[in-house]
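Open your viewer and keep the selection tool at hand. This tour goes stop by stop.

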Amino acid sequence: MTIGHTLLGLLEAGPRHGYDLKRAFDEKFGHDRPLHYGQVYSTMARLLKNGLVEVEGVEAGEGPDRKRYAITDAGVTDVSAWLAQPEKPEPYLQSTLYTKVVLALLTHRSATQILDTQRAEHLRLMRELTRRKASGDLADQLVCDHALFH
């Protein structure tokens, strides 16, 4: 899963502090592995440097100043491109595909389009493996069978 893209997608709902982003991430995607604060802030620094987010405001608190991040137009374009790109099949329950579908629903995009694109990619790969299996030796056939069953 791409944490940067996930945080960008969460920012589409509106500007948030790093703490709010971590909480939203953990609530939606971090059931098994919550995000560390350091990872949130290092990712936000990278997104800021790349022009995908901007600091909308800074609030003084008891600790360090709290930055409120907002997604830029370039960030929205980047998330859209990432969501449209199919993923390789994964055997894990909480895959990148799951994250993309949830973010699409949260940002009022078409989850159907993401799933249709993913289905087409799976079918393309299955056809490719079936062709390779038909013309391969025994070892190649076994490897292709394994991939097809997964």
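Which residue forms a salt bridge with E128? Select R124: the closest N and O atoms of this pair are 2.9 Å apart. Keep in mind that the model is predicted.

Now show helix α6, residues 111-135. Both E128 and R124 lie there, four residues apart, which is about one turn of the helix. E128 is partly exposed, because its relative accessible area is 39%. R124 is also partly exposed, at 36%. Salt bridges with shared partners join E121, R124 and E128 into one network.

Next, select E59 and R68. They form a salt bridge, and their closest N and O atoms are 3.9 Å apart. That falls within the 4 Å cut-off for a salt bridge. E59 has a relative accessible area of 35%, so it counts as partly exposed. R68 is partly exposed too, with 26%.

Move to E27 and K28. Here the salt bridge has its closest N and O atoms 3.7 Å apart. Is E27 buried or exposed? E27 is exposed, because its relative accessible area is 52% and the exposed class begins over 50%. K28 is partly exposed, at 28%. In total, the model has nine salt bridges.

For the last stop, select Y19, Y37 and Y41. Together they make a nonpolar surface patch of about 310 Å². Y19 sits in helix α2, residues 18-28. With a relative accessibility of 39%, Y19 is partly exposed.

Technical notes:
Residues are numbered from 1 along each chain as its sequence is written. This is a predicted model: local features need pLDDT of at least 70, side-chain atom pairs count only at pLDDT 80 or more; totals for chains, interfaces and linings use all residues. Side-chain values use heavy atoms; hydrogens and water are left out. Patches are made of residues with over 30% relative accessible area and no salt bridge: like charges are joined within 9 Å, nonpolar side chains (Val, Leu, Ile, Met, Phe, Trp, Tyr) within 5 Å. Accessible areas come from the Shrake-Rupley method with a 1.4 Å probe; for residues, only the protein chains shown count as cover. A salt bridge is a side-chain nitrogen of Lys or Arg within 4 Å of a carboxyl oxygen of Asp or Glu. Helices (H or I, at least four residues) and strands (E, at least two) are DSSP runs, numbered from the N terminus. Buried means under 20% relative accessible area, exposed over 50%, partly exposed in between (1.4 Å probe, protein chains only).
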